[in-house]
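Let's take a friendly walk through this structure together.

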Amino acid sequence: MGMLRDFFLARRLRKGPTLLLPYAPDPVTVLETVRLHDPGARPYGRGLKIGENVELRGPIELTPELAARAGLPAGWGAAFLARSIDGEAGGDFARPKLVVRGLAERLGGREHPECRESPEDLAEIIGARIIPVDEVIALLADDVPGLAVAAVTQSGTTLLTSAESPIEVFVNEWDADDVTYELSADAGYDRDVPATARRAALALAARAGGVVRDHNGFLVTD
């Protein structure tokens, strides 16, 4: 029975999305970090429940035998598995991967299977108020120099782009009380760009209000 259980566990670890960590994590730290993605995350079975349909199971001790059977890279001590609890319940099927990627970035881990594509959506400010575009450009001058208005749509979106930076800014005026700012970049940028976008988003949120979330939906605080 144990061999059969290990077989299915190894297959799930191989398929992922799996969070790999080089250490045995503190459960409190994991929960606090998950709550940056979902403030309502809570204990559930052998792990945590995120939203209404995502389970994060773990920590799972990665013995050399289990890691080899699962085809995982060597040197990782613990793992978490993310999955949709009910595949028929609908919802965002990308969320388990977003949770794993966000935790890997914050806890010094790695996502398996590893995603090699750079995210295009880098940061979003929600619950903000509209401020003049010239002020947005001035606020972001240090992090995104050369911003200028590239387009304004009939639906109320202003696009700011720069010849000096891959980061672009979307100002979405849905209505007087619903404004979002989105920072994105085309694929192929260097690894410093996401951190720069988060820093710029925090500067903008300090002036326009709202909260900042990164490309994985995790709250950005610093």
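**Charged pairs and the fold around them**

A network of salt bridges links E105, R106 and D214; a salt bridge here is a side-chain nitrogen of Lys or Arg within 4 Å of a carboxyl oxygen of Asp or Glu. Before going on, please keep in mind that this is a predicted model, in which local features need pLDDT of at least 70 and side-chain atom pairs count only at pLDDT 80 or more, while totals for chains, interfaces and linings use all residues. Residues are numbered from 1 along each chain as its sequence is written, and side-chain values use heavy atoms, with hydrogens and water left out.

How far can you trust the coordinates? The predictor's confidence in each residue is its pLDDT, from 0 to 100. The protein chain averages 91, and 95% of the residues score at least 70. Confidence is highest in strand β1 (residues 18–21), at a mean of 98, and lowest in helix α1 (residues 2–15), at 79. Where pLDDT is low, the predicted coordinates should not be read in detail.

Now step back to the whole chain. Its secondary structure consists of six helices and 13 strands, taken as DSSP runs (helices H or I, at least four residues; strands E, at least two) and numbered from the N terminus. The C-alpha trace spans about 65 × 35 × 30 Å along its principal axes. Of the 222 residues, 42% are buried, where buried means under 20% relative accessible area, exposed over 50%, and partly exposed in between (1.4 Å probe, protein chains only).

On the charge side, the protein chain carries 24 positive and 34 negative side chains, with the centres of the two sets 12 Å apart. Lys and Arg count as positive and Asp and Glu as negative, leaving out His and the chain ends; each charge is placed at NZ of Lys, CZ of Arg, CG of Asp or CD of Glu. Side chains of opposite charge can pair when their charged atoms come close.

How many salt bridges does a search of the whole structure find? The search finds eight. One joins E52 and R42 (3.9 Å, N to O). E52 sits in the loop between β3 (47–50) and β4 (54–61) and R42 in strand β2 (residues 42–44), so the pair ties together parts ten residues apart in sequence. E52 counts as exposed, at 63% relative accessibility, and R42 as partly exposed, at 28%.

Another salt bridge brings R101 and E111 together (3.0 Å, N to O). R101 belongs to helix α4 (residues 95–107) and E111 to strand β6 (residues 110–112), so this pair also ties together parts that are ten residues apart in sequence. R101 is partly exposed at 25% relative accessibility, whereas E111 is buried at 10%.

R199 and D143 also meet in a salt bridge (2.9 Å, N to O). This pair links distant parts of the chain, 56 residues apart: R199 is in helix α6 (residues 193–208) and D143 in the loop between α5 (133–139) and β8 (148–152). R199 is partly exposed, with a relative accessible area of 45%.

Finally, look at T158 in strand β9 (residues 157–161). T158 is buried, with a relative accessible area of 7%. Leaving aside neighbours within four places in sequence, T158 is in contact with V133, V149, A151, V152, V169, F170 and V171.

Terms used
Contact means heavy atoms within 4.5 Å.
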